[in-house]
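Here are a few notes on the aromatic rings, for you to follow with the structure open. Take the points in order and find each residue as you go.

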Amino acid sequence: MKTRRVRLGIAAGLCAAALACIAAGAARTHRVLYEQPADAEEERFLLPGGLRFPGMRKPPPKIVVEKISEAQLVIDATFTGVLRKGDKLVTQYDRSQPAGRRACPT
Amino acid sequence: MQKYKTLVQTIAFLLLHSSRGLEAKWLCVPVLSCHSCALSYFACPIGVFAHFAGHHVFPLLAFGTVLLAGVLVGRLLCGWVCPLGFLQDLLYRIKTRKFALPAWTGWVKYPVLVLTVFALPFAFGEETVFSFCRYCPAAGAQVSAPAVISAAFAEDAAVSGWSLLKIGILAAVVVAAVFFRRGFCNVLCPIGALLAPLNFVSFWAVKPPTSRCISCGKCNRACATAVEPSARILAGESPSRAADCVVCHQCQVVCPMKDAPGEAAKN
């Protein structure tokens, strides 16, 4: 009987810890760098056979800092969609695509 | 019971892998099913843990979900929902000579969990070649095999060595499943290693089928993971309070004493 009570106590404690983790995870946000692709207008000049001026280089991607929820980070982490570079997280996803239709970057 | 279990496993398999765009990949379901599969609804906790270890971020949401599932039902999901467990159960039905794994092999899955899911991705990043995802047989079945098959029909598609390695590991798991009862679950499964300690405290437990065990050994032979439930039943303990038990309830079903006078009412 005592063993059963101890077991129930441990289970209840772990259950409470699990719920606390879920609540904290649901509330937590992460700062993630997102490399926005260059504008379509700028990209037009870089297409094979497109207009190209001497000395013209590919425009650098715009880097945007996003605050995303932990749930979003779990989604982005699938397919290795987020990488750690230095001490920052960088997402590789094309976020313009709807969820479920994103291409796997790997 | 066996029929119900197969039915539940079939339904679970179809429900877990029937997404056509709709997904809830923020939610981890503690079974070995690759979230990279286009048909998956949910995330794999092992993949999430390995990626988050590489990110140096503690996965509160995934950890909480797995812990909650483990405390509520122990390894019930391994026995009744996991698609790789289902595949192994089906393959073990092939009539051939069967073998038992040495007991020490049950300890291998713990270093596999610690090293390939947490420590090495933490040290070398989420894309490390030491990550469990690189060798996962579920990923081999759900992602690599379809990719290799589609590459065979495409003109310029290339097949990576990793895909072939995963398919090779999947083939080894498939062959082993014919001879060893749930060999992968017992020896290598990191989700099994995560949930195993929670079997000791989970709310869901298999009741001892009888208080008058005659040590006939039927439960030991029926056990899906060779945890020898008879010793626990004899001691009046729940047979599912063993780390490797997948809570299939088969020991309860086959017990010849469960319907003995005085026992039927208890059960």
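1. Let's begin with B:Phe118: at 31% relative accessibility, this residue counts as partly exposed. Keep in mind that you're looking at a predicted model.

2. How many aromatic pairs turn up over all chains? A search of the whole structure finds eight. One of them joins B:Phe49 and B:Phe118, with 5.6 Å centre to centre and 35° between the planes, which makes the pair tilted.

3. Now see where those two rings come from. B:Phe49 belongs to helix α2 (residues 45-55) of chain B and B:Phe118 to helix α6 (residues 109-124) of chain B, so their pairing ties together parts that are 69 residues apart in sequence.

4. Next, have a look at B:Phe99 and B:Phe179. This is a tilted aromatic pair too, at 6.1 Å centre to centre and 55° between the planes. It links distant parts of the chain, 80 residues apart: B:Phe99 is in the loop between α5 (83-92) and α6 of chain B, while B:Phe179 is in helix α8 (residues 161-179) of chain B.

5. Finally, check two charges over rings. B:Lys98 has its charged end over the ring of B:Tyr92, 4.4 Å from the ring's centre. The charged end of B:Arg134 sits over the ring of B:Trp162, 5.1 Å from its centre.

Key: Residues numbered from 1 in each chain as written. Chains lettered and ligands numbered in written order. Predicted model: local features only at pLDDT ≥ 70, side-chain atom pairs only at ≥ 80, totals over all residues. Heavy atoms only, no water. Phe/Tyr/Trp six-rings, centres within 6.5 Å; stacked < 30°, edge-to-face > 60°. Helix = DSSP H or I, 4+ residues; strand = E, 2+ residues; numbered from the N terminus. Buried < 20%, exposed > 50% of the residue type's maximum accessible area, 1.4 Å probe, protein only. Lys NZ or Arg CZ within 6 Å of the ring centre and 35° of its normal.
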